[in-house]
Amino acid sequence: MSVDPARHEQALAAAFVGLADTLVADYDVIDLLHRLATECVHLLPVDAAGLLLSDQRGSLRVVSSSSEQARLVELFQLEANEGPCLECFRTSQPVAAADGAEIRARWPRFAVRVEREGFRSLHALPLRLRRDTIGALNLFRVEPGRLSADDAQLAQALADVATIGILHERVLRQHEVVVEQLQGALNSRVVIEQAKGVLAERGGLEMGDAFTALRSYARQHNQRLSDVAQNVVEGSLDTGDMLERHRH
């Protein structure tokens with residue numbers, strides 16, 4: 001299917017404006033990273049995306065994904081302690097594998113899970129600003145083949161803008177505060193996963209739909225995603241109302 005160049009340019013502009021909004025206003029880090037993952041799928045010839053961030057000890061943790069399949073692959077990558085994002089984070093350089101044979105040759109244990117979820121090629125990009133690498137972005141494709149140079153450059157640009165958004169501060173702060181903010185985002189993700197489970201069980205939803213309901217409710221009520229998730233887990237929020245809104 002052909003792509004309308006004018007609409008593609010508009011989508012690109014909207015994506016960069018949305019990611020750059022974090023430079024001038026308070027923002028939700030988890031929501032920013034989810035936006036990055038979904039924009040990559042919308043703007044690039046990829047089928048899924050996942051994001052890993054480093055915690056205080058330098059270990060990577062999954063913080064966002066465009067689909068449940070991508071999230072499971074990323075979790076397995078950490079469990080197996082091998083894969084493109086780990087290599088990308090350690091080297092601060094892009095990592096790509098064009099087909100199943102290359103994936104199996106480089107990361108045999110990781111390859112099993114990738115193939116199970118239906119992916120045949122991948123591309124990992126560092127989330128970095130100058131010498132600071134804070135995570136990695138993984139792009140998955142169901143078809144073999146590498147991204148073109150232009151698409152790889154666009155993916156890195158999106159990752160760079162998001163990285164600047166994470167690290168940017170309206171007033172100068174010490175590095176320890178930045179680390180604390182990132183750690184807070186990682187901790188919030190645990191609560192969000194718990195809230196997704198609650199909604200999925202009560203509403204008979206897939207995990208991806210449960211996250212959509214959670215995120216939509218937070219936006220409609222102008223609340224932080226992590227706060228809404230905490231209220232769901234604690235039982236202080238009417239999940240029936242949230243699920244009803246999602247159905248309609």
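In this predicted model, His-34 is buried, its relative accessible area of 11% falling under the 20% limit that defines burial. The residue is found in helix H2, and, once its neighbours within four places in sequence are left aside, His-34 is in contact with Ser-64, Ser-65, Phe-211 and Arg-215. Of these contacts, Phe-211 and Arg-215 belong to the part of helix H9 that meets H2.

Helix H2, which spans residues 29-43, and helix H9, which spans residues 207-220, pack at an angle of about 125 degrees, and their axes are 13 Å apart. The crossing of the two helices is left-handed. On the side of H2 the contact is made by Asp-31, His-34 and Arg-35, and on the side of H9 by Phe-211, Arg-215 and Arg-219. Sorted by class, the contact of H2 with H9 comprises 4 charged residues, 1 polar residue and 1 nonpolar residue.

H2 also lies across strands S1, S2 and S5, and runs at about 145 degrees to S1. These strands belong to an open sheet of 5 strands, in which the order is S2-S1-S5-S4-S3 and the pairing is antiparallel. Strand S2 (60-65) and strand S3 (95-97) form the edges, each pairing on one side only, and neighbouring strands of the sheet are turned against each other by 20 degrees on average, with direction ignored. Within the sheet, strand S4 (residues 121-129) and strand S5 (residues 132-141) pair in the antiparallel sense over 9 bridges, and the bridge partner of Leu-122 is Phe-140 in S5. Helix H4, formed by residues 84-91, lies across S1, S2, S3, S4 and S5 and runs at about 150 degrees to S5.

Ser-54 and Leu-186 are 132 residues apart along the chain, whereas their C-alpha atoms are separated by 8.6 Å.

Terms used:
Residues are numbered from 1 along each chain as its sequence is written. This is a predicted model: local features need pLDDT of at least 70, side-chain atom pairs count only at pLDDT 80 or more; totals for chains, interfaces and linings use all residues. Side-chain values use heavy atoms; hydrogens and water are left out. Axes are lines fitted to C-alpha atoms, for helices over the stretch in contact, and angles run from 0 to 180 degrees between N-to-C directions. Helices (H or I, at least four residues) and strands (E, at least two) are DSSP runs, numbered from the N terminus. A crossing is left-handed if the near helix is turned anticlockwise from the far one by less than a right angle, and right-handed if clockwise. Contact means heavy atoms within 4.5 Å. Ala, Val, Leu, Ile, Met, Phe, Trp, Tyr, Cys and Pro count as nonpolar, Asp, Glu, Lys and Arg as charged, and the others, Gly among them, as polar. Buried means under 20% relative accessible area, exposed over 50%, partly exposed in between (1.4 Å probe, protein chains only). Two strands pair if DSSP finds at least two bridges between them.
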